[in-house]
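Take a moment with the sequence and the model before reading on.

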Amino acid sequence: MPDTPLRRPPIPEAIQSSRVIAIGRRLEPRSIVQVAAALVGGGVRAFEVTLDSPDAIAGIRALAERYADGSLLVGAGTVLDLAGAATAVRAGARFLVSPHIDVELVHWAADQGLPVFPGALTPTEILAAWRAGASAVKLFPASAVGPSYVREMRGPLAEVPLIPTGGVTADNAAAFLAAGAHGVGVGSWLFADGSPDAIRQRAAQLITAVESATP
């Protein structure tokens, strides 16, 4: 396969505008619809359901049908291989996120016009993910390096959109964005105790923090 695909799918508008991806990991199938409604109520527009969650595919399918109007963009996370990616897309996932670089998976997604955000940390990994056809690169784990690392990467790799993920909260999201991140992925902090009210409140808090960030 070529090092660079013929086309690179754009980052979805829902992520471009809100600059936040909510990451639901191991959510209970019976609660995922309520969780999604809480996220939307707080202003979040993109929801990544990780494939290591119980009945993740059923959850993706239910959310894709419920939010067919586009008010919430549903994607799949912790995508480890091509088989998992294909299953998630058939269920309605509209973007893919992985914790690693799988060039075959990235090429496959790019060839279908599907945004994909592979995980990377070092400059070599970030550039490899970008050259494979990633729409953006998930900087993971962001908590290990902090906002200053994003700022340093913007020098030699300014063309690569970075989405720090791992340890991002309302307290540090603005700092990551001010350092040059394109968006942030937020998981465990956002979902707090799992109650819809708490999720809605934290989502709103996160969106307010993001909107305060100076690019």
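This is a predicted model: local features need pLDDT of at least 70, side-chain atom pairs count only at pLDDT 80 or more; totals for chains, interfaces and linings use all residues.

Begin with overall dimensions. The protein has 215 residues, and a compact globule of that length would have a radius of gyration near 17 Å. The protein has 16 Å, so the value agrees with the globule rule. Along the principal axes, the C-alpha atoms fill a box of roughly 45 × 35 × 25 Å.

Next, the interior. Buried residues account for 52% of the 215. Contacts tell of links along the chain. Take those between residues at least 6 apart in sequence: 60% of them join residues at least 24 apart.

Now the surface. The protein exposes about 9100 Å². Carbon and sulfur atoms supply 53% of that area. As for charge, there are 17 positive and 19 negative side chains. The centres of these two sets lie 3 Å apart.

Turn to secondary structure. The protein comes to ten helices and nine strands. S6 pairs with S7 (residues 137-139) in the parallel sense, over two bridges. Within this part of the sheet, glycine 119 stands opposite lysine 138 of S7.

Stay with S7 and follow the chain onward. Proline 141 lies in the loop between S7 and helix H7 (147-153). The peptide bond joining phenylalanine 140 to proline 141 is cis, with omega about -5°.

Two other loops hold residues with positive phi. Aspartate 55 lies in the loop between strand S2 (46-50) and helix H3 (56-66). Its phi is near 55°, and the residue is not a glycine. Threonine 78 is found in the loop between strand S3 (73-77) and helix H4 (82-91). Threonine 78 is not a glycine either, yet its phi is positive, at about 50°.

Threonine 78 has 16%. Buried means under 20%, so threonine 78 is buried.

Key. Residues are numbered from 1 along each chain as its sequence is written. Side-chain values use heavy atoms; hydrogens and water are left out. Helices (H or I, at least four residues) and strands (E, at least two) are DSSP runs, numbered from the N terminus. The radius of gyration is taken over C-alpha atoms; the globule rule is 2.2 Å times the number of residues to the power 0.38. Buried means under 20% relative accessible area, exposed over 50%, partly exposed in between (1.4 Å probe, protein chains only). Contact means heavy atoms within 4.5 Å. Accessible areas come from the Shrake-Rupley method with a 1.4 Å probe; for residues, only the protein chains shown count as cover. Lys and Arg count as positive and Asp and Glu as negative; His and the chain ends are not counted. The place of a charge is taken as NZ of Lys, CZ of Arg, CG of Asp or CD of Glu. Two strands pair if DSSP finds at least two bridges between them.
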